[in-house]
There are 2 protein chains.
Amino acid sequence: MAKNSKSNLSEKEGVSQPETTSANSAEKIKINRRKQASIEDYVSKILKGDITFLSRAITLVESTNKKHLQKANSILDACLPHANKSIRIGITGVPGVGKSTFIETFGKYLTNIGKKVAVLAVDPSSSINKGSILGDKTRMEQLVTDKNAFIRPSPSGTSLGGVAQKTRESIILCEAAGFDTIIIETVGVGQSETVVHSMVDFFLLLKLSGAGDELQGIKRGIIEMADAIIINKADGDNIKNAKIAKVEFSRALHLYPPKDNGWIPKTMIASALNNKGIDEVYTMISEYIQQAKLTQYFEKKRAYQSKNWLFSTIEEELKKRFYENTEVKKLLDEEIKKLEQSKTTPFNAADNLLKLSTNGLK
Amino acid sequence: MAKNSKSNLSEKEGVSQPETTSANSAEKIKINRRKQASIEDYVSKILKGDITFLSRAITLVESTNKKHLQKANSILDACLPHANKSIRIGITGVPGVGKSTFIETFGKYLTNIGKKVAVLAVDPSSSINKGSILGDKTRMEQLVTDKNAFIRPSPSGTSLGGVAQKTRESIILCEAAGFDTIIIETVGVGQSETVVHSMVDFFLLLKLSGAGDELQGIKRGIIEMADAIIINKADGDNIKNAKIAKVEFSRALHLYPPKDNGWIPKTMIASALNNKGIDEVYTMISEYIQQAKLTQYFEKKRAYQSKNWLFSTIEEELKKRFYENTEVKKLLDEEIKKLEQSKTTPFNAADNLLKLSTNGLK
């Protein structure tokens with residue numbers, strides 16, 4: 001049926017174990033035979049905080065099957081009035097920065113003070129999606145077994161835009177299920193940071209103390225997006241260097257224009273391994289959110305993000321429709337060749353391509 | 001006929017004085033009666049460096065009249081093999097940073113060493129387009145009368161995307177006319193910097209020594225785009241502060257990931273007023289270009305920019321076609337209202353809007 005077990009999984013509705021990345025035949029049959037839950041079932045279970053139904057709803061959201069998507073949309077519509085009440089935190093950093101350990105320690109800190117934490121990954125290369133589930137469990141073994149935590153790997157095999165769309169809808173479902181702190185993880189080297197930045201209230205960048213090689217991989221522009229930079233792995237011999245890095249980055253960040261709300265990004269040191277500095281990070285975020293709510297910047301930013309998502313969804317689809325057309329593909333190849341040989345201008349080439357398309361509106 | 005003198009001007013072809021912003025009736029008649037130059041005339045004159053024909057060709061490029069645009073495209077096609085040989089430098093900075101004086105001094109420096117300099121403005125609020133032509137002449141009175149310099153204000157009244165498109169085509173015409181250094185000016189507070197950044201070889205950010213208030217207006221993200229930061233107005237009492245700012249920014253820029261070609265942005269001080277530091281700026285840019293050409297980064301970047309322009313032109317037009325549709329406009333208003341009241345999700349809203357549009361390809 002489906003080409004591989006992954007797409008097969010995402011098209012199945014009744015998956016009760018969201019962490020499963022492959023299903024054996026017996027499981028598949030079981031899934032197929034299971035009585036399909038109604039929209040009402042989904043909604044009432046989600047609102048009660050039922051993790052299994054939350055997972056299954058996210059699987060519906062991630063499905064490429066039209067019927068599943070229709071069902072997903074109805075569930076989302078019903079959940080919407082109960083959403084929007086969380087704090088959404090984006091966490092990024094290149095591999096090796098200790099992101100999993102940080103999220104594990106930070107997540108445990110949050111559940112200890114009574115929060116309900118959902119962790120979602122945006123790009124397939126994020127740590128919680130890397131390798132097998134066994135890998136994830138090893139990486140975040142405490143958080144995985146925490147009743148007040150929900151960890152959801154991102155669906156792999158889809159485009160970034162697709163994953164990001166799904167993530168945003170997954171946030172709504174998690175919020176409706178009572179999760180008050182949503183952590184969105186991204187790997188910090190691709191395009192996903194901009195996308196994550198556009199769906200969170202606070203954006204954390206994890207770094208190491210060395211300002212050399214480890215910066216090579218990071219995307220330019222990401223530092224300007226960060227609301228705070230955490231120098232992680234500030235333990236053992238690293239503490240001194242971490243403190244120096246903190247001072248340097250604080251100084252640097254002061255030279256940059258403040259954020260729209262006047263916020264000057266903070267720099268802090270932390271050791272997720274030794275559970276040091278985690279409470280300070282949380283205090284900083286809380287104070288930021290409190291201030292943002294006081295000034296109504298919080299609501300304004302969310303409304304702005306929401307509209308932005310409407311527009312970017314439309315524009316992604318318009319592009320997709322255009323570029324996936326066979327005629328366009330053929331001519332595009334030709335025009336790019338001419339462009340490379342300086343035989344046309346970008347605008348003439350665009351003009352020729354656009355002639356293939358009419359207005360397209362009924 | 002035309003709604004105002006500006007659009008009238010841009011639709012007239014035979015304008016020999018590009019600086020004229022209004023034409024009286026007698027002039028209009030004269031213009032209308034003038035024999036229209038052929039494409040061959042244009043091309044041969046431009047290739048000989050005829051400023052009048054260069055200006056008239058840019059006016060054609062900027063026209064909204066379809067016939068003019070067809071002619072413009074033919075001229076561009078013929079000029080294309082003679083283009084691409086200049087160095088393109090973007091200069092940005094908020095108002096008050098001394099951009100006009102800097103460009104004037106820098107431009108004069110370049111013509112003195114035998115360069116031919118074209119200055120183009122991208123956004124309507126750039127200094128060379130602010131106020132009347134008399135204002136421009138006052139601002140850059142030496143450069144304006146320099147035979148080896150060509151100053152072209154940006155067409156006002158058009159969208160940023162439009163202006164930027166025109167600017168890119170104007171670059172080609174200027175290059176064909178023998179200008180070996182193209183300066184693109186932008187005001188540093190809007191969206192135009194990204195656009196300018198995507199069409200130049202080197203991107204300069206002008207700043208003042210104070211790192212406080214004057215940063216408020218600047219767009220976040222712009223510092224990461226800059227290949228160099230020039231602390232301008234380093235004269236009189238300012239010298240000491242400028243030197244401090246230089247050290248601070250150098251340190252800060254070193255904390256950031258290097259550019260794709262390994263370049264770490266430089267910081268310099270200059271006083272355009274006293275003609276200090278200008279030669280150093282030029283030396284730095286020359287060395288950068290030399291290095292970029294050696295490693296073939298220069299050609300790669302231009303090829304990349306060229307393709308990018310093809311795609312962004314297409315995508316701008318697709319968006320325009322969609323959002324300017326009457327049905328879309330109406331439904332968009334409704335969906336945004338629902339979104340603001342949390343009665344829909346961005347994706348459901350987008351879905352409804354996209355249903356109005358079919359694939360649109362023949």
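How many disulfides are there over all chains?

Analyst: The model is predicted, and the count of disulfides over all chains comes to zero. Cys174(A) is in no disulfide, because the nearest cysteine sulfur, that of Cys79(A), is 10 Å away, whereas a disulfide needs sulfur atoms within 2.5 Å. Cys174(A) is also buried, with a relative accessible area of 0%. In chain B, Cys79(B) is in no disulfide either, and the nearest cysteine sulfur, that of Cys174(B), lies 10 Å away. Cys79(B) counts as buried too, at 0% relative accessibility.

Now the rings. The whole structure holds 20 aromatic pairs over all chains. In one of them, Phe347(A) and Trp309(B) have ring centres 5.6 Å apart and planes at 70 degrees, so this pair is edge-to-face. The pair crosses between chains, from helix H17 of chain A, which holds Phe347(A), to helix H15 of chain B, which holds Trp309(B). Phe347(A) is buried at 8% relative accessible area, and Trp309(B) is buried at 6%.

Another edge-to-face pair joins Phe202(B) and Trp263(B), with 6.2 Å from centre to centre and 75 degrees between the planes. This pair links distant parts of the chain, 61 residues apart: Phe202(B) is in strand S5, and Trp263(B) is in the loop between helix H13 and strand S7. Both Phe202(B) and Trp263(B) are buried. In chain A, ring pairs link Phe202(A), Trp263(A) and Tyr288(A) into a cluster.

Charged side chains also sit over rings in chain B. Arg56(B) lies over the face of Phe53(B), 4.7 Å from the ring centre, and Lys293(B) lies over the face of Phe298(B), at 4.8 Å.

Methods: Residues numbered from 1 in each chain as written. Chains lettered and ligands numbered in written order. Predicted model: local features only at pLDDT ≥ 70, side-chain atom pairs only at ≥ 80, totals over all residues. Heavy atoms only, no water. Buried < 20%, exposed > 50% of the residue type's maximum accessible area, 1.4 Å probe, protein only. Phe/Tyr/Trp six-rings, centres within 6.5 Å; stacked < 30°, edge-to-face > 60°. Helix = DSSP H or I, 4+ residues; strand = E, 2+ residues; numbered from the N terminus. Lys NZ or Arg CZ within 6 Å of the ring centre and 35° of its normal.
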